[in-house]
Amino acid sequence: MSTMAPAPTEHPAGQAAQRRTSGRLSRGGRLWLYALAVLVALSLARVVTGADDLTSAGTLRAAIIAAIPIALAGLGGLWSERAGVVNIGLEGMMILGTLGAGYYTYYQGVWIGLLGAIMFGAIGGALHALATVVFAVDHIVSGVAINIIAAGVAAFLAEVFFADLAGGGATQSPSLAQPPSITVPGIAGWSDDLADRGWFVVSDLAGLVNALTADVSSFTVLALALIAGTGWVLWHTGFGLRLRSCGEAPTSAETLGINVYRYKFVAVTVSGMFAGFGGCYLALVASSGYANGQTGGRGYIGLAAMIFGNWSPGGLLSGSLLFGFTEGARLRSGGESVHALLLVVALGLLVLAGWQIWKGHRTAAVLSAAVGAAALWWYLVTDTIPGDFTEMTPYVTTLLVLALASQRLRMPAADGQRYRRGQAG
Amino acid sequence: MTALRRGVLALAAPVLAFVVAAVVTSVVLLGTGDSPAEFWQVLLTVPAGRNIVNMVNFAAILYLSGLAAAIGFRMNLFNIGVEGQYRVATFAGALFAGQAFLPGALNTVASVLVAMAAGAAWAGIAGVLRVTRGVSEVISTIMLNAIALSLVAYLLRRVGNRIGQTIETDEIPSNAWVPGFSLVPGETAELYGLALLAVVAGVGFAVVLNRTRFGFELRATGYSESAAIASGVDVKRMVLYSMLLSGAVAGLIGMPELFGASHAYGSTIQTGIGFTGIAVALLGRNTPLGIAVGALIFAYLAQQASPLGITAGISPEIILVTQGVVVLSVVIAYEVVSRYRSRLEQSAVAAALEAERRHEEVAA
């Protein structure tokens with residue numbers, strides 16, 4: 001590909017000016033507005049359907065615990081793809097993380113366990129970097145191979161590590177220590193009371209406050225700090241700028257004296273570290289030990305969350321929370337809560353359809369309306385959702401969200417392309 | 001380049017990959033305190049007749065799975081969803097065959113077609129999402145795998161019959177079964193009759209790929225999408241068609257065993273075949289013959305590893321490590337060899353040009 005071709009202009013000046021006058025809210029303001037709208041919609045659904053667990057502190061806590069591993073995998077994807085390497089191997093690196101967490105936590109405690117998981121993930125990441133950066137293998141091919149290797153290594157080593165331990169087995173570790181959790185005194189108590197009242201919006205908000213202040217795992221706090229830290233490193237430091245330049249225009253970066261290979265290698269290894277942390281979180285916080293097949297495709301969902309979040313830390317966190325919420329709702333009184341969610345989805349899609357008609361996108365509107373009507377019909381003719389369908393929820397959500405959102409997204413310009421040094425011309 | 005050199009280079013990559021895989025496996029075994037010597041002894045024993053039959057049966061299944069993946073791979077379309085397509089298709093085929101709408105062999109043929117259609121439809125979802133909404137087929141096929149798992153489990157619970165611990169669809173009437181045939185003389189274990197589907201599909205793939213416009217456009221899109229578009233290939237249509245074709249072939253994966261042994265779809269259906277198929281396709285460079293070799297090797301490894309736990313006290317899971325390392329090192333090795341080859345070609349061309357220039361100087 002020639003680097004001399006002019007980059008397509010994203011927003012012509014006129015369009016940008018129009019955007020400035022029509023959008024009165026800042027980006028942050030809009031996000032708060034969306035969050036509030038979601039909260040009101042969920043609260044309304046809870047009141048209308050009587051699915052009281054839909055926004056209870058318990059559900060939201062489960063949602064956060066489900067969201068964090070996905071967010072960590074997504075964060076790994078962000079590092080890798082911002083440097084221009086697609087990382088399908090996140091799933092495998094996450095598997096390695098669960099194994100490392102299981103082994104090291106059993107013998108050395110939680111914090112060494114975390115380091116062990118990060119190290120195992122980093123090994124997976126370094127392997128992917130070796131294949132894609134040094135040998136310029138197709139990124140997807142390498143990622144798929146790493147997932148195969150990781151699943152094999154984990155299955156084999158789990159048997160070696162845990163089969164002879166008391167309480168362990170060939171496919172799972174004994175139960176392991178949990179990382180310490182944090183409760184903010186003075187808030188947890190009253191928010192719990194308020195959450196139980198069942199008041200419109202107020203109780204839902206109190207449930208959210210309670211989930212965020214009572215019994216929060218220290219790993220959750222660490223993960224959120226890492227997401228914020230990533231935003232700072234990648235967008236506010238020289239290192240981050242150079243790293244992102246490798247994902248946008250590696251040959252141009254090379255002409256500016258950046259060692260593209262080194263940046264890509266570091267980014268992909270760090271990507272493995274985050275995935276390893278995600279695996280650790282799954283093994284220690286989301287469950288009580290290592291088990292084969294624990295990741296259940298969360299590495300891929302993390303990647304989807306990152307795409308949904310338009311390759312940005314805040315976006316991938318909101319994507320993860322969306323997937324985490326569907327999972328949390330499923331885990332706590334699944335049939336009832338997911339059934340109530342169906343109503344939210346149906347009404348949301350119908351509103352979207354109206355908006356699309358107003359914007360003149362007729363085909364999209366018909367599609368949204370059809371899916372929305374189907375969801376509404378399903379909601380009306382049933383009382384609960386069978387277990388098999390609640391299990392599908394996160395995956396169906398991923399598909400739907402990507403189908404609706406993928407056209408507004410822009411990935412790093414050189415993402416997934418093979419790069420060889422010395423091609424700049 | 002001489003023919004000898006070309007042959008050596010072609011073999012170099014796979015040989016290199018297997019050496020790496022052997023070394024890594026041995027090192028892992030040493031690290032966990034197991035004996036590599038015992039591992040290789042078990043792995044390299046001459047298989048008994050029964051094992052050979054199992055191996056070929058499994059290889060046929062893996063071949064179909066590898067072929068399904070390869071169709072997409074040839075045009076850089078990553079259908080990771082063979083696993084889900086195979087499940088949906090096998091379930092649909094078994095369900096249809098169990099109803100016995102048609103007599104005998106007609107039922108068999110119709111059921112295989114139903115399975116192919118179901119696999120194609122399931123893959124088609126990802127194709128449509130890619131073409132109309134720009135959703136990456138890698139993510140969507142993986143999501144569809146998980147959805148297929150739950151969907152089939154749900155449907156099986158609705159329509160299946162509980163037999164002990166498992167749930168199964170209605171058994172296929174015996175007149176629609178496909179008899180096996182003897183592969184090793186004097187051995188009771190037989191090759192599945194529908195294992196021949198692998199041969200048919202393989203030949204079909206080779207013909208379509210090398211002798212039809214569709215195959216040409218498929219390969220052209222894989223080599224350079226921009227060049228393909230410039231020469232008038234409708235890439236969107238190609239994406240959709242190859243996804244459908246890939247899914248249809250994935251629909252065949254379950255057929256040999258369904259009509260040859262199990263005669264019903266049960267909750268004990270073999271898992272992971274779709275993923276192993278991806279590995280086999282990568283190993284075989286997505287060519288009809290290469291995939292066959294890859295499938296035979298993987299089937300050999302899987303079959304030979306199964307007694308490891310009993311005879312050598314080593315967990316048979318180690319073979320998954322071997323298989324995974326083979327795949328990763330084979331793709332790296334192909335890359336290294338092709339780089340080496342192009343450097344050889346470059347220097348050959350440079351030498352030829354140099355000679356020509358001298359010749360002209362002398363003439364002048």
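1. A word on burial to start: a residue is buried if 20 or more other C-beta atoms lie within 10 Å of its own, exposed if 12 or fewer, and partly exposed in between, with C-beta atoms placed from the backbone. With 14 C-beta neighbours inside 10 Å, B:Asn76 therefore counts as partly exposed. Please keep in mind that this is a predicted model, where local features need pLDDT of at least 70, side-chain atom pairs count only at pLDDT 80 or more, and totals for chains, interfaces and linings use all residues. Residues are numbered from 1 along each chain as its sequence is written, while chains are lettered from A and ligands numbered from 1 in the order in which they are written.

2. Two backbone spots deserve a look. Most residues other than glycine have a negative phi. B:Asn76 is not a glycine, yet has a positive phi of about 55°; this residue is found in the loop between α3 and α4 (82-99) of chain B. B:Ala100, also not a glycine, has a positive phi of about 50° and is found in the loop between α4 and α5 (104-133) of chain B. B:Ala100 has 16 C-beta neighbours inside 10 Å and so counts as partly exposed.

3. Now chain B as a whole. Its secondary structure comes to 15 helices and 4 strands (DSSP runs numbered from the N terminus: H or I of at least four residues for helices, E of at least two for strands). Its C-alpha atoms fill a box of roughly 90 × 55 × 40 Å along the principal axes. Of the 364 residues of chain B, 48% count as buried. Among contacts in chain B with a separation of 6 or more, 77% come from residues 24 or more positions apart; two residues are in contact if their C-beta atoms, placed from the backbone, lie within 7 Å.

4. The axes of α3 (residues 49-73) and α13 (residues 288-305) of chain B come within 7 Å and cross at roughly 135°. Axes here are lines fitted to C-alpha atoms, for helices over the stretch in contact, and angles run from 0 to 180 degrees between N-to-C directions. The two helices are therefore oblique to each other (under 35 degrees is roughly parallel, over 145 roughly antiparallel, 65 to 115 roughly perpendicular, and the rest oblique). Residues making the contact include B:Phe58, B:Leu62 and B:Gly66 of α3(B) and B:Ala295, B:Phe298 and B:Ala302 of α13(B). The contact residues divide into 15 nonpolar, 5 polar and no charged (Ala, Val, Leu, Ile, Met, Phe, Trp, Tyr, Cys and Pro are nonpolar, Asp, Glu, Lys and Arg charged, and the others, Gly among them, polar).

5. On to the interface between the chains: 38 residues of chain A are in contact with 35 residues of chain B. On the chain A side, α6 (139-162), α13 (298-308) and α17 (387-405) each supply at least two residues, and α6(A) gives the most, with 15 residues. That side divides into 29 nonpolar, 6 polar and 3 charged residues.

6. Finally, chain A is divided into domain 1 (28-41 + 334-413) and domain 2 (59-332), with bounds from an automatic or database domain assignment. Their centres, taken over C-alpha atoms, are separated by 26 Å. The contact takes 19 residues from domain 1 of chain A and 24 residues from domain 2 of chain A. On the domain 1 side, α17(A) gives the most, with 8 residues.
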